[in-house]
Amino acid sequence: MDYKEMFDPALIDLEISAASEEEAFSQVADLLKENGMVNDDYLTGITKREQKFPTGLITQHLNIGLPHADPEYVKKPFVFICRLNEDVQCRQMGDSQEMKVKNLFFLGIKDGKNQVGLLQAFMNLFMDETFVEAYQNANCPESVYQLFVENI
């Protein structure tokens, strides 16, 4: 699958107000349902998966979260880009240590074999200081969309 096809400016929100990771998940789940990307059980699926397998990632330039649910909750493949107004607590991938994150990238993967490749692509992007700087300076969904489809 060409990862570029998973991006859509309509699935980018750069100003979400949430007091917790759970609240952010709930808001994004509602938006994804409205856009026909996930089924009604998506919020439950993503919350349970995140509890078992946290997806926070501390990179050299920016802390990010890469939450994703099992394929059974996803109707169409997507990446939903979410920038929170304030940091929220989440847990780090691998060791479950507490960390703060403001940038969440919800990965809607229909075919499990694409998961590792997409996660690796995100890790590579966020290790690139120039990309991270451009992402942080992008202030509208269209410019974030262009940045990703040109670099992923």
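**Isoleucine 64**

I started with what isoleucine 64 touches, taking contact as heavy atoms within 4.5 Å. Beyond residues up to four places away in sequence, isoleucine 64 touches Thr55, Gly56, Leu57, Met99, Val101, Asn103, Phe105 and Phe126. This is a predicted model, where local features need pLDDT of at least 70 and side-chain atom pairs count only at pLDDT 80 or more, while totals for chains, interfaces and linings use all residues. Residues are numbered from 1 along each chain as its sequence is written, and side-chain values use heavy atoms, with hydrogens and water left out.

I found isoleucine 64 in strand 3; strands (E, at least two residues) and helices (H or I, at least four) are DSSP runs, numbered from the N terminus. Isoleucine 64 is buried, at 0% relative accessible area. My cut-offs: buried is under 20% relative accessible area, exposed is over 50%, and partly exposed is in between (1.4 Å probe, protein chains only). I also checked valine 101: it sits 37 residues from isoleucine 64 in sequence, with 5.7 Å from C-alpha to C-alpha.

**Asparagine 103**

Next I went to asparagine 103, in strand 5, which counts as buried at 5% relative accessibility. With neighbours within four places left aside, asparagine 103 is in contact with Leu62, Asn63, Ile64, Gly65, Cys82, Arg83 and Tyr135. I noted a polar contact of 2.7 Å between the side chains of asparagine 103 and tyrosine 135. Polar contact here is a pair of N or O atoms within 3.5 Å; within protein, one must be able to donate a hydrogen and the other to accept it, and residues adjacent in sequence count only if both atoms are side-chain atoms.

**Helix 4**

Tyr135 took me to helix 4 (residues 129–137), where Phe131, Val132 and Tyr135 are buried. I saw the buried residues of helix 4 pack against strand 4 (78–91), strand 5 (98–108), helix 3 (115–126) and helix 5 (141–151).

**Salt bridge**

I counted 1 salt bridge in the structure, meaning a side-chain nitrogen of Lys or Arg within 4 Å of a carboxyl oxygen of Asp or Glu. It joins the side chains of aspartate 70 and arginine 49 (3.0 Å, N to O). Aspartate 70 lies in the loop between strand 3 (63–65) and strand 4, and arginine 49 in helix 2 (residues 42–52), so the pair ties together parts 21 residues apart in sequence.
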